[in-house]
Amino acid sequence: MSIPAVKAKILEGRKGLIVGIANDRSIAWGCARAFRAFGAEVAVTYLNDKAKPYVEPLARELEAPIFLPLDVAVPGQIEAVFERIGETWGELDFLVHSIAFSPKDTLGGRVTDVPREGFLTTMEISCWSFIRMAHLAEPLMKNGGTLFTMTYYGSQVVVENYNIMGVAKAALESAVRYIAAELGPKGIRVQAISPGALATRAASGIPEFDALLEKTKIKSPTRELVDIDDVGVATAFLAHDAARLITGQVLYVDGGYHIID
């Protein structure tokens, strides 16, 4: 999947960080492709040495000037990434946070039974990491900017097998609203993007996910599943000045699934 051709480089001159590319099926990859197609420069991170061979070719395709490891559970790695951005670019226009994780035994059990350590790990990686990145991005967004994170419909209603991740996403969406209120006076917008069910590596950890995909396709008003490029283009639009008064939102990119009972 190469960088798509577009008619206008509407984000030319913008610079942003994409966190969460694991392979070419990642939502973060769809976002990176869209931002790059619209003319933006992107910095890219990879989880660890095991993930690097899958992400490095994608970073080369994006012509990413910054390519660094980032495991948000490792002390100092988030700070190191933003320090490099400061040294290389001196500024930042957008951030895409597209990571979430819950230990298998935590995600697979009832919320009522969630162990403390599993809960803390889920919240640290899926929610706190976005708050920390917002803190570090703020001084680099000297002329304003946009912070994005990825959520899901299971934050609002009970989705079978989504379990503790629904709790984490609800917290994440609340964080989006509070950060939007706090950073709005500086011209920094904050958005949560809520894609429909997508067959990503992260989603593969959810039990009976194939059944959820089929249900989504049948019930969505558009009768089709979204793909990573749909999500990427919608995200990139919200980074443009045309969206300058849109902030603190949860934008559903799900073919309308969330409006159906």
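**A guided reading of the predicted model**

Helix 1 is followed by Gly-39, a residue with a positive phi, near 100°. Helix 1 itself covers residues 27–37 and is mostly covered, with 11 of its 11 residues buried. The buried residues of helix 1 include Trp-29, Cys-31 and Phe-35, and Arg-33 and Arg-36 are buried there as well.

From this helix one may turn to the protein as a whole. It has eight helices and seven strands. The radius of gyration is 17 Å, close to the 18 Å that the globule rule gives for 261 residues, and the protein is therefore as compact as a globular protein of that length. The C-alpha trace spans about 45 × 40 × 40 Å along the principal axes. Of the 261 residues, 51% count as buried. Where contacts link residues at least 6 apart in sequence, 76% of them join residues at least 24 apart.

The protein exposes about 12,400 Å², of which carbon and sulfur atoms supply 53%. There are 26 positive and 31 negative side chains, and the centres of these two sets lie 2 Å apart.

The structure holds zero disulfides. Cys-31 is in no disulfide, and the nearest cysteine sulfur, that of Cys-127, is 19 Å away. A disulfide is a covalent bond between the sulfur atoms of two cysteines. Cys-31 has a relative accessible area of 0% and is buried, and Cys-127, at 6% relative accessibility, also counts as buried.

Leu-172 counts as buried, since its relative accessibility is 0%. Leaving aside neighbours within four places in sequence, Leu-172 is in contact with Ser-126, Cys-127, Phe-130, Thr-149 and Met-150. Leu-172 and Trp-128 are 44 residues apart in sequence, while their C-alpha atoms are 8.0 Å apart in space.

With a relative accessible area of 5%, Phe-82 is buried. When residues up to four places away in sequence are not counted, Phe-82 touches Leu-17, Leu-92, Met-133, Leu-136, Ala-137 and Leu-140. One of these, Ala-137, is 55 residues from Phe-82 in sequence and 7.3 Å from it in space, C-alpha to C-alpha.

Asn-161 has a phi of about 75° although it is not a glycine. Asn-161 lies in the loop between strand 5 (145–150) and helix 6. Arg-223, likewise not a glycine, has a positive phi of about 60°, and its place is in the loop between helix 7 (209–219) and helix 8 (228–238). Which of these residues is buried, and which is exposed? Asn-161 counts as buried at 18% relative accessibility, whereas Arg-223 is exposed, with a relative accessible area of 51%.

Definitions and conventions:
Residues numbered from 1 in each chain as written. Predicted model: local features only at pLDDT ≥ 70, side-chain atom pairs only at ≥ 80, totals over all residues. Heavy atoms only, no water. Helix = DSSP H or I, 4+ residues; strand = E, 2+ residues; numbered from the N terminus. Rg over C-alpha atoms; globule rule 2.2 N^0.38 Å. Buried < 20%, exposed > 50% of the residue type's maximum accessible area, 1.4 Å probe, protein only. Contact = heavy atoms within 4.5 Å. Areas by Shrake-Rupley, 256 points an atom, 1.4 Å probe, with all protein chains shown as cover. Lys, Arg positive; Asp, Glu negative; His and termini not counted. Charge placed at Lys NZ, Arg CZ, Asp CG, Glu CD. Disulfide = S-S within 2.5 Å.
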